[in-house]
Amino acid sequence: MVKIKEIFASIQGEGPYVGYKQVFVRFCNCNLKCNYCDTDFADGVDYNSCELADEVNKYVSVHSVSLTGGEPLLQVEFLKEFLPRVNKKIYLETNATLAEKFMEVKPFIDIVSADIKLESATGIKDTYKFHDKFFESCKGVETFAKIVFNNKITDEEIKKCCELGKKHAIELILQPEMGAENMLVSSEFCSEILDKFLEKYENVRLIPQVHKFLDVR
C-alpha cells in the first residue's frame, strides 16, 4: 500500500513536454525539503498496486502517466508491482538523488524529468554528487534536468550545472521560481541567466511553469 495525495488529468506545465496531457499521480512524502515546495502531504488515500493501476488505466487520450510528489522513488517496492500493470508511457518526476532506487525500476521508465537542486533556491547543500550518480544511472532513458532558480543563483552554481549537463549529455531546463501567479524574477534577469548558461553549455532552454499562467493544476 502507498499513500497517494491526488490523481488527476491536466497538461504538463514544465519542461520540454509542456502542453502534453498527462495523468498525474502525486505520491506523498519526500526525502528533501526545498524552500519553494508548495505541496501539502498532510493526508492522502491508500492504494495497492492493482487499485492504482486500475484507476490510472481508466484515463484515455493522454500522453503519459506522470509520477510526481513528493519523491516517487521512495516507494520503489510499490512501483515494481504497479508499473508493469500500467498501459501508458511512464514519465518520472524526481529530485534525482536516489540512483540505486531508480535502477530498480529503470526498465519501466520512458522519460525522466530530474531536478538539479540549487542551494540558493532550495536551501539544500551538496546535492551535485547525488545528481551526478543519478544521471549516470539514467543512461539509455530519455532524461532532462529542471533547474529552479531565483535571484540568488551564483556563477558557481551555473558552472556546476553546466558541467553536469555536458558530462551526461542532457538538456537543461531553466525554470524561474514562481509565486502564486507570477515569476519572482524579472524577464530581464531570466534572459541574463540564460545567456550565462549558454556561454558554458549549448543545450539549455528557459521555460517557466506554464500551468500557473494558465491557472490549471
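**View 1. E93 is a buried residue in a predicted model.** E93 has a relative accessible area of 11% and is buried (under 20% relative accessible area; exposed is over 50%, partly exposed in between; 1.4 Å probe, protein chains only). K146 is buried too, at 7%. The two form a salt bridge, with the closest N and O atoms 3.5 Å apart (a side-chain nitrogen of Lys or Arg within 4 Å of a carboxyl oxygen of Asp or Glu). This pair links distant parts of the chain: E93 sits in strand 5 (residues 89-94), K146 in strand 7 (residues 142-149), 53 residues apart. Helices (H or I, at least four residues) and strands (E, at least two) are DSSP runs, numbered from the N terminus.

**View 2. K117 pairs with D115.** Their salt bridge brings the closest N and O atoms to 3.0 Å. K117 is buried at 5% relative accessibility. D115 is buried as well, at 15%.

View 3. K196 is partly exposed, with a relative accessible area of 27%. E192 is partly exposed at 39%.

**View 4. E14, E93 and K146 belong to one network, joined by salt bridges that share partners.** The count of salt bridges comes to 15.

**Notes.** The model is predicted: local features need pLDDT of at least 70, side-chain atom pairs count only at pLDDT 80 or more, and totals for chains, interfaces and linings use all residues. Residues are numbered from 1 along each chain as its sequence is written, and side-chain values use heavy atoms, leaving out hydrogens and water.
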